[in-house]
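Thank you all for coming. Please have a look at the sequence and the model first, and then I will take you through a few of its parts.

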Amino acid sequence: MALAVEVRGLKKHYRGGDIPAVDGVDIGTSEGEYLVLLGPSGCGKTTLLRTIAGLEEATEGEVLIGGNVVNGLPPRARQVAMVFQSYALYPHKTVMDNITFPLKAQKISKEERERSALWAAERLGIEQLLDRKPRHLSGGERQRVALARALVREPSVFLLDEPLSNLDAKLRTAARDELKEFQRRVGTTTIYVTHDQVEAMGLGDRIAVMYAGKVRQVGRPREVYEDPEDTFVATFLGSPPMNLVSRGDHLLGFRPESFLPEELVPGDGNRMVAELAVGRIEYLSGDRHVYGTVKGIGEETRVIARLPATVSTPIEIDETRRFAVHERDLRFFDADSGTRTTPRPVHA
Amino acid sequence: MTPPSVEAAESGAATARPPAPPDAGAARARLADRESVLAPLFLLPTVVYIIGLVIVPFFLAIAFSFTDVTAGDPSLDWVGFDNFNAILHDSVFWESLKNSVVFTVITVALTLVLAKALALILVADFRFKYLVRFLVLLPWTTPIALAAVAWLWMLDSTYSPIDWVLRQLGLLSGNTVWLGRDHLAQASVIAVQTWRIVPLAAVIVMAGLMSIPQDIHDAASIDGAGFWRRLWEITIPLNLPVLAVAGLFGAIMTFTDMTVVYILTKGGPANATQVLPSYAFFKSIDGGDLAQGAAIALFLFPLLLVGVVAILRAVRRMETM
């Protein structure tokens, strides 16, 4: 079966820019999938989304929607709907007129348009707002209007560009739940751009981590978190990020939550023990983040250990204590390329 | 005093500055912070200018219009509404009023359409766009009197280059005599007024266009709207307040201008292009009848007032959409 959306060898070079915004991306999403493009600002994720939408023309490579190459087709011929970071509601039109606008362009009768708009508005619980102008709506309501406007055309793909970043923190959590629930209900293939790893982890069926115009890794949230393919993915995901300790030709990586006081890591031959000189302790949501310098397993490096609230082991600042990591939680990266490499023995 | 000691004294003064007691510099700084002093001071030139060149002449015109003052007899003798009575029975006055209104309406309409089209071209991203923007603005930077003289040559009855081009293309034999025939002369005045105002209007409209977020245009593209639907349903409605302002500028500039008429046609042929400002000028300065000239000029005021209030209200209504 054809993929819902596929890009092949996609490159996008802006005029006047010296480096490509998107630098050779191959990625596909299957029908009904929720794919999240995750990366820091300027990594090319929004450009990739805009190129799929047809708002940017690819410099090289192909964009396929429903198995057909759509390069050169204008956005309206691509059967996509997009929700913008700013929502981009038409400020001079009522909510009803905003939602029916895409249908108007399809020359659908007024009656039919309003029936569809009502249907979309009901799905998002905004049917009481239809007569209002966007500036009389709250951030959350605007976001739903933008979603309703996207939904009303029954597109084959939703493209969402950081739709939650203009909401305050509390609303964002609620809106994230709603978005996920909404997509599950309508079942439309969705490509979602964000720089927020919490959103990505929570929403995505799969996550594509992007950096410098390239996709560094694609996988289910658990995969990209637990088995990062390179040091960028390892340190971009996770808060605090993965600890990396340099050991000659390779780097040793372990997540802060698997770096625990020795007595809490069972097993003898299958764990790595190291001395941690504790420098600072932070209490965050019940967890203890222990900052210190690790010795004896490679270069002395500043690392972080995250002790869950259930661990009550007393730890003092300035003490040196034995910490350990289970071998299955160790990751190895090439020192030069930063890519994943084969496990090495850790016992000196 | 030798140079080294001067240096020493200067550096000494510099290092001594931080702990220094309030000196002249500190007093100056305090003056610069006192808005109650500075605000009237900075406003003063503008106030003097407006009083001297706008308010005094305005009340003088009102005073003149109720007297029999002429260039030859500057004494002010009260005549009541005689001047207004006279001009209301003057067919040239009515012709001028009609021309003023018609020229203004057509000029503003043409200006808005052309400025909008030009602005859409100017906001587009293409090579040499800054050069093109610069060239578009040039007519506006030319003093109108000089530009009108240039147009006078362009529209000359014998040597008009426009006629020459038309003749070369075989579209014309002989001469058009642009300024010698009623409708052609009127069209010429309107064309020059439009030519003069379009650049400014285009830049105003362009600023308005650039203030519409790109996301809105992108959203409309995604929503399936082609160029014309985007233009009529998105760009023009969002641009309306700015278009209204551009139209207001154009209307006032056209309605109050006499330079173009004065230089191109002197109001002719046979008052076909006479407008209120030029007629007031010819009556009062050339004809010496200051009182009647003032009465004619005063007719501009209520018309402008109505126009300004109407457009400002329209703008406010659109802002509260």
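This is a predicted model: local features need pLDDT of at least 70, side-chain atom pairs count only at pLDDT 80 or more; totals for chains, interfaces and linings use all residues.

In which order do the strands of the open three-stranded sheet in chain A lie? The order is E11-E12-E18, and the pairing is antiparallel, where strands are DSSP runs (E, at least two residues; helices are H or I, at least four) numbered from the N terminus, and two strands pair if DSSP finds at least two bridges between them. Because strand E11 (243-247) and strand E18 (331-334) of chain A each have a single partner strand, they stand at the edges, and one side of each is left without a neighbour in the sheet.

Residues are numbered from 1 along each chain as its sequence is written, and chains are lettered from A and ligands numbered from 1 in the order in which they are written.

Coming back to the sheet, strand E12 (residues 250-254) of chain A is joined to E18(A) by four bridges, and A:Leu251 has A:Phe333 in E18(A) as its bridge partner.

As for domains, whose bounds come from an automatic or database domain assignment, chain A has domain 1 (5-226) and domain 2 (240-334), with 39 Å between their centres, taken over C-alpha atoms. Chain B, in turn, is divided into domain 1 (16-60) and domain 2 (91-319).
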